[in-house]
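Please keep the structure open as you read.

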Amino acid sequence: MFSFFLLILLFCSINFVSTATPYRVCQSELGTIKTFDVTGCTTAPCKFVKGNTYTMSITFQSKASSITAKVSIHGIIAGVPIPFPLPDPDGCKLGIKCPVNEGDINTASLSLPVLPSYPSMSLYVKIEIIGDNKNQDYACLKFPATITSGSKQLQQFVSWKKGKFFEMLD
């Protein structure tokens, strides 16, 4: 009975670990990322189908205080960061408790539509949560993504090399 319980516990632990979205941390001077999740993305690259909306959540612990925080998103295409316009980048309206105090744990959640007009491509997505006082990041991360029209196009699309998702970010 005890070994059965351990087997179930192990299975649940593996399943819990595998449900996080793969990402790489970039310079986060003012905080530490605790968790990151994109709905429907548990493997790299994240597959974004045009016409759908995806929710992203970043939980971070602050190392410094700030009156406000803002969220910035860029698509990195061929090494060039292209800003993604947010309707309202105010982090305080996205779940961050403002003012941010040292040691606080906050979660920013945002929904991003993938419009049908977006080109089909592979890219890296960079998300930053920026404190107002020093214009430094509470959280900064990058993850690989592919934008497609659907599952048929995904099979025909330029593929990422297995295990080579993050080498271009270094």
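Setting aside neighbours within four places in sequence, Ala108 is in contact with Met56, Ser57, Ile58, Leu94, Ile96 and Ile129, where contact means heavy atoms within 4.5 Å. You will find Ala108 in strand S7; strands here are DSSP runs of E with at least two residues, numbered from the N terminus. With a relative accessible area of 1%, Ala108 is buried, a label for values under 20%, while exposed means over 50% and partly exposed lies in between (1.4 Å probe, protein chains only). Lys70 sits 38 residues from Ala108 in sequence, and their C-alpha atoms are 9.8 Å apart in space.

A word on how to read all this: the model is predicted, so local features need pLDDT of at least 70, side-chain atom pairs count only at pLDDT 80 or more, and totals for chains, interfaces and linings use all residues. Residues are numbered from 1 along each chain as its sequence is written, and side-chain values use heavy atoms, with hydrogens and water left out.

Now look at the hairpin of S5 and S6, which has 2 residues between the strands. There, Ala78 takes a positive phi near 55°. S5 and S6 pair in the antiparallel sense over 5 bridges; strands count as paired if DSSP finds at least two bridges between them. Gly75, for example, has Ile82 in S6 as its bridge partner. Ile77 belongs to S5, which covers residues 69-77, and counts as partly exposed at 32% relative accessibility. Together with Val80 and Ile82, Ile77 forms a nonpolar patch on the surface, with about 220 Å² of accessible area in total. Such a patch joins nonpolar side chains (Val, Leu, Ile, Met, Phe, Trp, Tyr) within 5 Å, taking residues with over 30% relative accessible area and no salt bridge; the areas come from the Shrake-Rupley method with a 1.4 Å probe.

What about charges? Side chains of opposite charge can pair when their charged atoms come close. A search of the whole structure finds 1 salt bridge, meaning a side-chain nitrogen of Lys or Arg within 4 Å of a carboxyl oxygen of Asp or Glu. Asp88 and Lys93 meet in a salt bridge at 3.1 Å, N to O. Asp88 is partly exposed at 31%, whereas Lys93 is exposed at 62%.

Finally, visit Asp104, in the loop between S6 (80-84) and S7 (105-113). Asp104 is buried yet has no salt bridge, and the nearest side chain of opposite charge, Lys97, is 5.1 Å away; Lys and Arg count as positive and Asp and Glu as negative, with His and the chain ends not counted.

Definitions and conventions
Helix = DSSP H or I, 4+ residues; strand = E, 2+ residues; numbered from the N terminus. Patch = residues over 30% accessible without salt bridge, like charges linked within 9 Å, V, L, I, M, F, W, Y side chains within 5 Å.
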